[in-house]
Amino acid sequence: MSNQTISLEGIDNVDDFVLENEEEEDSISRTHLHQLVTKANKAFRQNRFEEAISCYSRAINIKPHHPIILGNRCAAYLRIYQFLVHRPPSDSEYRPLSGLDPTIHAGLALKDADKLINLQSDSVKAHILKADALILLQRFELAHDVVLSGLHINPSSTHLQNLARMTSTTVGRNNHEITIRSDDFDCTVCLKLIYEPVTTPCGHSFCRSCLFQAMDRCNRCPLCRTILFISPKTCSISVTLNNIIQKNFPEEYAERKLEHENLTIMGADLLPLFVMDVVLPFQKLQLNIFEPRYRLMVRRIMEGNRRMGMVTIDSTSGSVADHACEVEITDCEALPDGRFFLEVEGRRRCHIIENWDQDGYRVAEIEWIQDICPAEGTEERLDLQDTIQKAEAYAKSWMRTAQEAAQGDQVRLAQLHKAEELMPTTNDPEHFSFWLATLTNRRPSERLDLLRMRDTIERLKRGLIYLKAEEQFCRVQ
């Protein structure tokens, strides 16, 4: 069962703290304790779980064995786990994530729940919290036992009854799976039949894609944490183990193969997205891929058609722009530290219908677009031919002037010579209009407007405006 689909019980709210009249405690300490718990409860109810945990912990330092404080902190650990697991990976584009791993929070919640049960063995809430923590840690059989113990205390508890149904179903399904096939050939990362097995120097076997996806974050064996010095470029599949799996589990292997192919070879109307900047068709650029999610995406792309979409965040909406450019990876260098150095070239434009997260990166359903070309013999066609001839003449003149002005700047001069070599013929007006637009450095919003245009004449005129503006600026300089 995926943690994304688990519904926990009894953690929607926390208990209020009531001051106790204990002679051994001074009034100042009790007042401070009450203020801390009240502040923590308020933060919990406003979904500020890190702040709540901090306040509960300070309160526990004052009163280590108070059941209400322990139970509330346990609930906060469980809620922050849920928040982190359900947090879309795309949120890191706006608010980088820092702090503990979700599993660690579940482990801390389990410790608090154990302390609570030791203090109040007949507490139904303590059993609910412990069962929740065990479920998040994928320890379903233990969770089921805890739920049954809680039902002996209060058989009518709705929360426990819901947890009992869920854990019994999960335990039953796991037991059923074990009778069909042992887990000797399961990958301990994805918990599925190993596909394209790779055996590490420390002797553990994983799916090739799972191993390197895990190594994107840490170059250690996912099972024993031994440091690994291997890379996707040099690591080969274990042929013997692969043959054994194919021979003994042909149907399941076929399912795993299809699952893998669906991730690497997408349909004609699906495109993985690299959210960074606006790229225009026929534009060339170099990329340094270092984020784990994009390293995974590049590996999958290189097994498929070597193409992805490049898109930016639209400054007006704060979300992924509605148009992107498909780029082809013309050269890919896998570096020893797991990064990729890519050379890409823009190919064609697309309109993004919708996009979603897949393993941390975005995938979009798209429709391909191109300029609306006027028919031969029409007035619009003649106007297009006249405009492109004027644009070609001006571009050549501008290029000569720019090259003369850049005689003392070898880098700029080399860029201009390269752009001149890439100059397309006027037989393809759309291609020429994009080449014209790439001669000057434009802001992302301006390049996005160029990408959205379906009128070649309008784009040619816009490109000429940019060239004239830069020429005028150079004269002022």
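**Note on salt bridges and helix packing**

1. D337 is partly exposed, with a relative accessible area of 44%. (Buried means under 20% relative accessible area, exposed over 50%, and partly exposed in between, with a 1.4 Å probe and protein chains only.) D337 forms a salt bridge with R339, and the closest N and O atoms are 2.7 Å apart.

2. A word on the model. This is a predicted model, in which local features need pLDDT of at least 70 and side-chain atom pairs count only at pLDDT 80 or more, while totals for chains, interfaces and linings use all residues. Residues are numbered from 1 along each chain as its sequence is written, and side-chain values use heavy atoms, leaving out hydrogens and water.

3. Now the overall picture. The chain has 477 residues, and 44% of them count as buried. It holds 16 helices and 8 strands. (These are DSSP runs numbered from the N terminus: helices are H or I with at least four residues, strands are E with at least two.) Among contacts with a separation of 6 or more, 61% join residues 24 or more positions apart. (Contact means heavy atoms within 4.5 Å.)

4. How many salt bridges does the count come to? The count is 30. One of them joins E51 to R48, with the closest N and O atoms 2.2 Å apart. E51 counts as partly exposed, at 30% relative accessibility. R48 also counts as partly exposed, at 31%.

5. Another salt bridge joins the side chains of E326 and R307, at 3.0 Å from N to O. This pair links distant parts of the chain: E326 sits in strand β6 (residues 323–334), R307 in strand β5 (residues 307–311), and the two are 19 residues apart. Is E326 buried or exposed? E326 counts as buried, at 3% relative accessibility. R307 counts as partly exposed, at 24%. Both belong to a network of salt bridges that links R307, E326, E328, E345, R347 and R348.

6. T312 lies in the loop between β5 and β6. T312 counts as buried, at 11% relative accessibility. Apart from neighbours within four places in sequence, T312 is in contact with M276, D277, V278, S319, V320 and A321.

7. Next, a helix pair. Helix α3 (residues 67–86) packs on helix α5 (residues 124–136) at an angle of about 30°, with the axes 11 Å apart. (Axes are lines fitted to C-alpha atoms, for helices over the stretch in contact; angles run from 0 to 180 degrees between N-to-C directions.) The two are therefore roughly parallel (angles under 35 degrees). Their crossing is left-handed: the near helix is turned anticlockwise from the far one by less than a right angle.

8. Which residues make the contact between α3 and α5? From α3 come G71, N72, C74, A75, L78 and Y81. From α5 come K125, L129, D132, A133 and L136. By class, the contact has 7 nonpolar, 2 polar and 2 charged residues. (Ala, Val, Leu, Ile, Met, Phe, Trp, Tyr, Cys and Pro count as nonpolar, Asp, Glu, Lys and Arg as charged, and the others, Gly among them, as polar.)

9. Last, P102, which is in helix α4 (residues 102–119). Setting aside neighbours within four places in sequence, P102 is in contact with Y81, L84 and V85. The C-alpha atoms of P102 and L136 are separated by 9.2 Å, with the residues 34 apart along the chain.

Key. Parallel < 35°, antiparallel > 145°, perpendicular 65-115°, else oblique. Salt bridge = Lys/Arg side-chain N within 4 Å of Asp/Glu carboxyl O.
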